[in-house]
Amino acid sequence: MPRDPRRDSLYLTDIVSACRTVRRWIGSYGVEWSDDEILQNAVLRQLMVIGEASACLSEDVRATVPVIPWREIRGFRNQAVRAYFSLDWAIVQEVVDVNLPDLERHALTMLMARYPDVAAEFESREPRL
């Protein structure tokens with residue numbers, strides 16, 4: 001049975017939404033977000049969503065933006081799930097501060113290019129900071 005190409009739009013939407021959720025949460029806490037254990041775990045959960053959605057994207061979609069380290073995103077998700085207690089929270093903070101903004105921008109660009117109708121609906125209902 002062939003893969004439904006619309007699935008990629010759902011995964012891209014999950015990625016952008018999770019990036020925005022993290023940005024919104026972090027924006028309300030400022031630089032001290034990593035001192036809040038509940039927020040840390042909530043952010044980590046969103047990063048796991050991003051990793052899972054990235055793993056489920058078709059190779060065709062991932063190939064359109066080779067600058068995104070898809071393998072590392074999936075690897076981070078696997079590390080977070082399987083070796084949670086040995087996570088280096090400094091790396092989590094770096095992922096959030098450095099990598100998430102670029103990922104959000106690239107994923108939204110892919111969504112708009114491939115699925116403009118989904119992107120338009122998504123943009124109309126998602127708050128931006």
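In the predicted model, helix H2 and helix H4 (residues 70-82) pack at an angle of about 130 degrees, and their axes lie 8 Å apart. Helices here are DSSP runs of H or I of at least four residues, numbered from the N terminus. Axes are lines fitted to C-alpha atoms, for helices over the stretch in contact, and angles run from 0 to 180 degrees between N-to-C directions. H2 is therefore oblique to H4, given that angles under 35 degrees count as roughly parallel, over 145 as roughly antiparallel, 65 to 115 as roughly perpendicular and the rest as oblique. The crossing of the pair H2 and H4 is left-handed; this term applies if the near helix is turned anticlockwise from the far one by less than a right angle. On the H2 side, the contact (heavy atoms within 4.5 Å) is made by Leu44, Leu47, Met48, Ile50, Gly51, Glu52, Ser54 and Ala55. H4 contributes Trp70, Ile73, Arg74, Phe76, Arg77, Ala80 and Val81. The residues of this contact of H2 with H4 comprise ten nonpolar, two polar and three charged, where Ala, Val, Leu, Ile, Met, Phe, Trp, Tyr, Cys and Pro count as nonpolar, Asp, Glu, Lys and Arg as charged, and the others, Gly among them, as polar.

Residues are numbered from 1 along each chain as its sequence is written. Local features need pLDDT of at least 70 and side-chain atom pairs count only at pLDDT 80 or more, while totals for chains, interfaces and linings use all residues; side-chain values use heavy atoms, with hydrogens and water left out.

H2 also packs against H5, at an angle of about 50 degrees and with the axes 11 Å apart. This angle makes H2 oblique to H5, and the crossing of H2 and H5 is left-handed. Gln40, Val43, Leu44, Leu47 and Ile50 of H2 meet Trp89, Val92, Val95, Val96, Leu100 and Leu103 of H5. The contact of H2 with H5 divides into ten nonpolar residues, one polar and no charged. Leaving aside neighbours within four places in sequence, Leu47 is in contact with Phe76, Val92, Val95, Val96 and Leu100.

For helix H1 (residues 6-29) and helix H2 (residues 37-56), the packing angle is about 160 degrees and the axes are 9 Å apart. H1 and H2 are therefore roughly antiparallel to each other. The contact includes Ile15, Ala18, Cys19 and Val22 of H1 and Val43, Gln46 and Ile50 of H2. By class, the residues of the contact of H1 with H2 are 15 nonpolar, three polar and two charged. H1 passes H2 in a left-handed crossing.

Cys19, in helix H1, has a relative accessibility of 2% and so counts as buried (buried being under 20% relative accessible area, exposed over 50% and partly exposed in between, with a 1.4 Å probe and protein chains only). Beyond neighbours within four places in sequence, Cys19 is in contact with Ile50, Leu100, Leu103 and Glu104.

The largest nonpolar core has 36 residues, of which Ile15, Leu47, Ile50 and Leu103 touch the most other members. Such a core is a set of buried Ala, Val, Leu, Ile, Met, Phe, Trp, Tyr and Cys residues joined through side-chain atoms within 4.5 Å. H1, H2, H4, helix H5 (89-114) and H6 each give two or more residues to this core, and H5 supplies the largest share, nine residues.
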